[in-house]
Amino acid sequence: MLDQSILLWGTILILGFPILTIAIGEGIERARRRNNPISRVLWNLRQWVLPPLATLLVLEKIFGFTEEILFFRVIETLLLLAVGYTSISLLNAVLVTATPRHSWQTVVPNLLFQSFRAGIVLSVVAYILAAIWHIDLGQLATAAGVGSLVIALALQDTLSNLVSGFLLILESPFKMGDWIQVGEIEGEVIEINWRAVRLKTRDRDVVVIPNGSLGQETIQNYTLLDPLHGIRVLVRFSYFDPPNRVIQLLQQTAMTVNGVMQEPPPDVETQLYTNSAIEYEVKLYIKDFVALEDIRSEFLTRVYYSAKRYGFTLPYADKIEYKIDSFPREEGVSAEEIAASLKQLPYFAFLDRETLDRLAQSSAVAHFGIGERIVQAGEVDRYFYIIVQGSVLLSVKDSKAREQEVAFLSSGDIFGETIFLQGKPSLVSAMTIDDLKAIAIAPDVVLDIAYRYPRFAREMNQFIEARKADIRKAKGERREERTTTTDSSKGWHHPLLEGLSE
């Protein structure tokens, strides 16, 4: 009669292992469909762990083999190696050194990750040697002591880097993705391993710094505790430009630059009086350190256009290295040229010469750079603009707060028409598509012309109605019914332009 234990184990091996294999196979397929890294762990478990485990149980429980038999110890050794290999694959799935793809994954430094893997390998090998093959590891360590000392002396730099790497992990002065500066080198941390740290510079070069060298350097981390970072930019203006107005210009310009924080606001200080200019220091606060150079460049570019609009002067350098006959003059536009430009536009063509001259005297040429927002929807238009050169995109937000294009304007087009609404906010946002030169006319001057010239008022009224229709179309709204009409025989009137009549 068969032993009950043999019958039990025989049943487990015959029924249990096939069922377990099928269940693991189903788990592998589901994990693969979800692109789950656990699928690799399950595959290793099925292919490498189950076969030696089943063989070992058959030899021990069915045939009664013990560790005294060489073949039994070989199978036991293979099983432990398979368990170690599967454990490493599980470690690879759970711990990652880059951005995790699943919520249950944990990000660890590469050096710590490699240390865990080495720990698993050493533990499995030590157990196999000591528990299965009965090798005295103490005597083995004593015999290898002299050799280890020689190796340690030969690899002292490497060991120094290894120890420094562990100290960096314990202290954690930076992590993957941080921007740091070590000596003269600045870059993003892309790898931390047992020997060195790799940085990717702004020039997209990779710099390898040994851990031992890092331990002796002062490390400046730009993003560790607070992503907020200050940029200091020096700008020079002429002595003829009042400092308080220059400070106002620089602050307003900085607030329009993408990436510059509104809180804390940009700070401007009068820094130094030089031989030919006053030097100002602008401190901008940003969160995206990667975009630092782009933000600095955009700010300095917009300062140029803002200075031209304010009529300020960015002075030349104190010294130059080449000879020139004369300094190039700033481009100027006379009142006569502005009047000639206005005469060519259909809205102003019927005005007499005296009115055009007075209009030109009250106008100025404004310059804007690419990407500048001239007016924001909800703000009051400050000027009535006529485009001389360049292009402008008018946009409005729809019911889902998505930006929708209303009109694309180019040379000869006008915008800023809500000045006729006398205090009402702009219905659209206006942003430059490329460098823009425009004639800017003060609201009171344009309104005076509208009062004096009914034809101009009617044309502006029709223009506003057309612009409103474009806005409704961009928003996807239906046209509203008009409550007033235009009748030249009875006198012209519109609620948007109260007070303008024939």
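**A strand and its surroundings**

Tutor: Strand β14 (residues 392-397) and β17 run antiparallel, and four bridges join them. The model is predicted, so local features are given only at pLDDT of at least 70 and side-chain atom pairs only at pLDDT 80 or more, whereas totals for chains, interfaces and linings use all residues. Residues are numbered from 1 along each chain as its sequence is written, and side-chain values use heavy atoms, without hydrogens or water.

Strands (E, at least two residues) and helices (H or I, at least four) are DSSP runs, numbered from the N terminus. Two strands pair if DSSP finds at least two bridges between them. Within β17, methionine 431 is the bridge partner of leucine 393. β17 (residues 429-432) also pairs with strand β12 (residues 373-375), in the antiparallel sense and over two bridges. There, alanine 430 of β17 stands opposite valine 375.

On a 1 Å grid over the protein atoms alone, a cavity is a set of points where a 1.4 Å probe fits but cannot get out; a pocket is an open set with protein on both sides within 12 Å along at least five of seven lines; lining residues have an atom within 4 Å of a point. A volume is the space filled by probe spheres set on the points, which are joined across faces, edges and corners.

The largest pocket has a volume of about 910 Å³, and 30 residues line it, with Arg309, Phe368, Arg373, Ile374 and Arg382 nearest its centre. At least two lining residues come from each of α9, α10, β11 and β12; α9 gives the most, with five.

Of these elements, α10 (residues 292-310) has 19 residues and reaches 27 Å from its first C-alpha to its last. That is close to the expected 27 Å, taken as 1.5 Å times one less than the number of residues. Just after α10, glycine 311 takes a positive phi of about 80°.
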